[in-house]
Every structure is written in structure tokens, then in C-alpha cells.
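This briefing goes through one protein model by topic. Please keep the sequence and the structure in view while reading.

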Amino acid sequence: MPDGTLDTAIRAEEAGSEEDLYEDLHSSSHHYSHPAGGGEQLAINELISDGSVVCAEALWDHVTMDDQELGFKAGDVIEVMDATNREWWWGRVTDGEGWFPASFVRLRVNQDEPVEDDEAPQAQNGEAEDGGAEVQSSKDQMRTNVINEILSTERDYIKHLRDICEGYIRQCRKRADMFSEEQLHTIFGNIEDIYRCQKAFVKALEQKFNSKSPHLSELGACFLEHQADFQIYSEYCNNHPNACVELSRLTKLSKYVYFFEACRLLQKMIDISLDGFLLTPVQKICKYPLQLAELLKYTHPQHRDFKDVEAALHAMKNVAQLINERKRRLENIDKIAHWQSSIEDWEGEDLLVRSSELIYSGELTRVTQPQAKSQQRMFFLFDHQLIYCKKDGIWQDLLRRDVLYYKGRLDMDGLEVVDLEDGKDRDLHVNIKNAFRLHCGISGDSHLLCARKPEQKQRWLKAFAREREQVQLDQETGFSITEPQRKQAMLNASRQQATGKPKAVSRPCYLTRQKHPTVPVSRPQQQVLVLAEPRRKPSTFWHSISRLAPFRK
């Protein structure tokens with residue numbers, strides 16, 4: 001620390017004033033910012049202004065309904081046309097161009113592609129040999145670039161993790177009057193475990209690095225040896241929404257704002273807020289498949305590292321896919337809570353107590369005993385339970401809209417699905433068509449349901465099979481919704497119901513102006529935090545039930 005800074009920190013801690021510490025550090029001559037000073041961003045714009053093509057690869061899907069934003073899928077290649085703003089860049093893909101969040105992409109290490117053997121001009125004898133050697137040398141350089149990027153980004157990542165553990169967590173533990181251990185676990189999750197694993201991973205990479213001939217380095221084995229360790233990211237990503245909620249709650253109090261900023265300044269961390277740092281592990285695990293894909297691209301099939309890199313790419317794709325799926329499931333819970341709040345006469349426990357995924361929905365005829373009375377009901381199959389509702393129309397402001405009334409639920413964990421042939425049912429003595437029965441082995445109760453068409457019946461039977469598969473997968477992977485997540489989702493739903501419309505999401509004002517405007521130099525920090533959180537591709541939840549009036553806008 002600079003001279004006098006430690007004394008300042010001690011005095012502030014004794015006085016118990018985070019605000020004083022914050023003001024002293026800010027008023028001192030020591031200012032801590034990004035060591036690169038925006039150099040990388042400047043270099044990107046210099047390349048663009050020189051006429052070079054700068055490409056980036058998407059880390060996540062960017063789904064948008066705004067005609068001035070650029071939509072793309074994870075893995076797509078985007079040509080960056082303007083990177084003057086730090087958070088939002090202008091780029092284009094085949095389908096068009098527009099603004100997109102810079103945090104959603106990773107710049108390609110090799111912007112200039114080497115000439116392939118079959119693309120090289122035909123030459124005679126010695127000239128052909130020289131050309132082949134030149135192409136191979138170019139590929140070796142490309143592989144060197146990717147390897148250098150992997151090692152460089154890992155070193156930077158380790159520094160970020162160390163800063164979080166030493167700069168934030170260590171200081172927070174000194175203030176038992178401000179933070180409980182439960183709060184610290186909610187905010188930071190298992191990031192200390194991630195830090196320990198990443199240190200071992202970086203050490204393995206360094207040992208495999210060939211400093212004399214970097215293109216001969218064999219890094220694939222390192223990923224394979226540590227692939228089990230990367231599973232701990234799943235727990236971190238599951239907890240990340242809880243961390244955001246808790247941080248949002250704490251930072252409404254000025255003393256926590258001053259405390260967190262003082263921690264950042266004392267640790268000489270770059271000018272990013274705490275929730276920006278806590279997003280880094282989520283981003284990192286999604287970058288590995290892209291880095292390995294590029295490494296494999298420039299690895300010759302005869303290279304000793306080829307098979308290991310190929311296997312590592314497959315393994316890391318699986319890890320990232322599992323984590324992305326869990327993140328998508330957690331993002332779904334707000335929609336499920338909102339759906340439940342739209343149902344009239346709801347009874348019993350909240351849907352989120354046991355369920356987190358809508359598997360299928362549709363209209364079925366329910367045949368009940370003893371008079372074999374038939375009822376048209378809307379059925380919604382979630383993991384663990386089947387909800388059925390009565391659909392009715394009401395008049396409101398001279399318009400008729402459909403409303404769903406809760407009528408009951410069935411526990412899928414204790415039910416057996418029985419496919420029935422068309423004909424006379426032996427229990428109810430009525431003719432049935434496109435029917436199946438849900439039978440409870442413990443109580444002996446059964447529920448006869450009929451679809452309108454054979455294909456609808458088949459979709460339901462497949463959906464019941466998927467529901468059981470989903471439940472088994474969740475048990476194997478340990479996926480579950482925590483109590484804070486459930487409560488927050490229900491609270492959000494009740495607020496939306498009170499206002500009558502979803503909360504607006506803040507967006508940069510320049511996205512609503514002309515097609516290529518001048519971007520503001522800075523924006524409020526709150527907006528930056530909203531944009532830093534990756535948006536996921538919408539699930540099939542709304543698609544399945546969007547035809548119902550309660551969800552029409």
C-alpha cells in the first residue's frame with residue numbers, strides 16, 4: 001500500500017466510519033484504475049479505423065425485440081464495427097447490424113486467418129514446398145497466439161479471484177457487526193473454493209507451457225485432469241442470483257456502499273463494482289469452450305495435443321451446457337411465480353416449493369367418477385406435479401378475456417401413466433378415445449384424461465416421460481431452488497401484479513435514437529450492472545402457454 005494508506009485504514013476502522021475511509025482514499029493522490037488504461041479498446045478502434053476486420057465470438061445468446069439491437073446466438077461470429085463505448089458495441093452479422101453488450105462476446109485472438117493448403121496458389125516443386133512450410137508456420141503462430149491468450153487470461157482471472165478473496169471477503173469477516181457468515185456465503189458463494197482450484201489449474205498450465213516453442217505446448221491434458229473441479233462452478237452460478245439480490249439490498253444503505261468501495265481502493269482493484277467482479281466466474285466458465293475450439297482449429301491432427309484438446313473441448317462444452325441449463329432454470333422461476341399469481345382461487349402451497357420447470361401444457365377432457373362426468377380443463381405439467389384449471393371468460397372494459405381458475409393438482413411422484421386403447425373403459429363403462437389414465441398405486445385413485453386428437457395424446461405421453469427424466473436428472477445433479485430464491489420470485493410476482501405490468505428494464509438512452517448516434521462517454525453505474533448480467537435465450541415456458549389470455553399484452 002502507498003505510504004500512509006494503511007494508517008488511514010486503521011484510523012477509519014477504529015472510528016468505525018467507512019465513509020471517512022472512502023473519502024480519504026479518494027482525496028489522496030493514489031488513484032487505482034485499470035492498468036491497461038483502456039489500451040485494448042483503443043487498439044480495437046485503431047484496427048477498425050485502419051480498415052481491418054475485427055471479429056468477436058458470442059459467449060451467450062443475445063435475444064432482443066429492439067430493431068436497433070443486434071440479436072445473435074452463443075458461438076456466432078460478430079464483426080465489430082465500433083467499440084468506442086465500453087459497454088455497448090456496434091456490430092453486424094449476416095442478418096443485419098446493431099448494438100450489442102460488449103460483455104456478451106470474446107474477441108478472437110487471431111483476426112487474420114491463415115491461407116489453407118487447398119487455397120494457396122499452385123506452384124512448382126520447391127516453390128510448393130516453401131508455400132506449404134509458410135502455411136504451417138502461420139498456423140503455428142496462430143496456435144501460439146491462442147495458447148498465450150489462454151495463459152494470459154488465466155493469470156488475470158486468478159488476480160481477480162485473489163482480489164475478491166483478500167480485498168473483500170477478508171475485510172468483511174473483520175466486520176461481524178455488518179456481515180454474518182450466512183450473508184457472506186450468500187454474497188460470495190463458494191468463490192474461495194474456485195480460487196483454490198484455479199490456482200492448481202494455472203500451475204498445471206504453466207508446467208505444460210513450452211516457452212521455447214509455444215505452439216508445441218500440450219494444454220489439453222490440463223483441462224481433462226481438472227474437468228471434475230470445474231463442476232464447482234455449477235454451485236456458484238446457482239447462487240449468483242441470490243448474491244445479486246443480497247447486494248442490491250445492502251447497497252441501499254450508504255455505509256455498505258462506502259465499505260465496498262473502500263475495500264476496492266485498498267486492494268488497488270480496477271474500477272468495477274463488486275457485483276461486476278462476482279460475475280467474472282460466470283463469464284469465465286463460458287469462455288473455455290470458445291478458447292478450446294479456437295485452439296483445436298489451429299492444432300494439426302498429428303499434433304500430440306490434438307486428441308486431448310478435442311476431448312477437453314467436448315468435456316468443457318458439457319460443463320458449460322449444464323451450468324447454462326441451470327441458469328436458465330433459475331431465470332424461469334420468476335415466470336412461474338408470475339403465472340401462479342395470475343391464477344384465480346389458488347389453493348395450497350406455492351408451485352415453486354416443488355417445481356421449477358413447465359414441461360408441457362394443453363387442454364384435456366377429465367372424466368370423473370361416479371357418473372362419468374366430463375369436464376374441459378387446462379392442464380399444466382411441471383416437474384413433480386400436474387396443475388389443472390378451469391378456463392372461463394370475463395368481460396372487462398368491453399373486452400372479453402380468458403381467466404384461469406385453480407381446480408386442483410396431482411402429485412406426479414406417486415402416479416403411473418397408463419396408455420389406454422380406444423373403446424369402452426372397463427371402470428367407468430363409457431366409450432373413450434385418445435385416452436390415458438394416471439393411476440396412484442398407494443391410494444388406488446385414478447384419473448381418466450382424454451385428448452382431442454391422437455397426436456395430442458402422444459405429445460402428452462412423451463411429456464410425462466420427459467417429466468420423469470427431468471426429475472431424475474435434477475436428483476443426480478443436485479439442482480434445487482433455495483428458499484430465498486423462491487421468496488424473492490414470489491415477491492417480484494406480487495409487485496408486478498400490484499402494478500399491473502412488468503417492471504421496466506433500464507436501457508441506454510442512445511439505443512432509442514438514430515441508427516448510429518454518438519454514444520455517451522459514461523452512464524450511470526446502475527445501468528452498467530443491469531447490462532453486465534447475461535441475458536439467456538427465452539425458454540419454452542411462454543411459448544407453451546402464450547395463447548392463453550392472461551399472458552396477452
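How many bridges join strand S2 to strand S3, and in which sense do these strands run? Strand S2 (residues 77–82) and strand S3 (residues 88–93) are joined by 3 bridges and run antiparallel. The model is a predicted one. The protein has 16 helices and 14 strands, and 46% of its 553 residues count as buried. Taking contacts between residues at least 6 apart in sequence, 66% join residues at least 24 apart.

**The five-stranded sheet**

- Five strands make up an open sheet in the order S4-S3-S2-S1-S5, and their pairing is antiparallel.
- Strand S4 (96–101) and strand S5 (105–107) are the edge strands, each of which pairs on one side only.
- On average, neighbouring strands of this sheet are turned by 45° against each other, direction ignored.
- In general, the strands of a sheet pair through backbone hydrogen bonds, in a parallel or an antiparallel manner.

**Strand pairs within the sheet**

- S2 and S3 form a hairpin, with 5 residues between the two strands.
- Within this pair, glutamate 79 stands opposite arginine 92 in S3.
- S3 also forms a hairpin with S4, here with 2 residues between the strands.
- The pairing of S3 with S4 is antiparallel and runs over 6 bridges.
- Valine 93 has glycine 96 in S4 as its bridge partner.
- Opposite alanine 56 stands leucine 107 in S5.

**Helices H11 and H12**

- Helix H11 (residues 280–297) packs against helix H12 (residues 306–342) at an angle of about 155°, and their axes are 8 Å apart.
- Because of this angle, H11 is roughly antiparallel to H12, the cut-off for that term being over 145 degrees.
- H11 and H12 cross in a left-handed manner.
- On the H11 side, the contact is made by Ile285, Cys286, Tyr288, Pro289, Leu292, Ala293, Leu295 and Leu296.
- On the H12 side, the residues met include Phe306, Val309, Glu310, Leu313, Met316, Lys317, Ile323 and Asn324.
- Sorted by class, the contact of H11 with H12 has 16 nonpolar, 1 polar and 2 charged residues.

**Helices H8 and H11**

- H11 also meets helix H8 (residues 232–250): the two axes come within 10 Å and cross at roughly 135°.
- This angle makes H8 oblique to H11.
- The crossing of H8 and H11 is left-handed.
- Tyr233, Tyr236, Cys237 and His240 in H8 are in contact with Pro281, Val282 and Ile285 in H11.
- The contact of H8 with H11 has 6 nonpolar residues, 1 polar residue and no charged residues.

**Serine 234 in H8**

- Serine 234 is found in helix H8.
- Is serine 234 buried or exposed? Serine 234 is buried because its relative accessible area is 5%, and buried means under 20%.
- Leaving out residues up to four places away in sequence, serine 234 touches Ile323 and Arg326.

**Loop residues with positive phi**

- Where does lysine 268 lie? Lysine 268 has its place in the loop between helix H9 (254–266) and helix H10 (274–278).
- The phi of lysine 268 is near 60°, which is a positive value in a residue other than glycine.
- Lysine 268 counts as partly exposed because its relative accessibility is 40%, which falls between the cut-offs of 20% and 50%.
- Aspartate 345 is in the loop between H12 and strand S6 (358–368).
- Aspartate 345 is not a glycine, yet its phi is positive, at about 60°.

Definitions and conventions. Residues are numbered from 1 along each chain as its sequence is written. This is a predicted model: local features need pLDDT of at least 70, side-chain atom pairs count only at pLDDT 80 or more; totals for chains, interfaces and linings use all residues. Side-chain values use heavy atoms; hydrogens and water are left out. Axes are lines fitted to C-alpha atoms, for helices over the stretch in contact, and angles run from 0 to 180 degrees between N-to-C directions. Helices (H or I, at least four residues) and strands (E, at least two) are DSSP runs, numbered from the N terminus. Angles under 35 degrees count as roughly parallel, over 145 as roughly antiparallel, 65 to 115 as roughly perpendicular and the rest as oblique. A crossing is left-handed if the near helix is turned anticlockwise from the far one by less than a right angle, and right-handed if clockwise. Contact means heavy atoms within 4.5 Å. Ala, Val, Leu, Ile, Met, Phe, Trp, Tyr, Cys and Pro count as nonpolar, Asp, Glu, Lys and Arg as charged, and the others, Gly among them, as polar. Two strands pair if DSSP finds at least two bridges between them. Buried means under 20% relative accessible area, exposed over 50%, partly exposed in between (1.4 Å probe, protein chains only).
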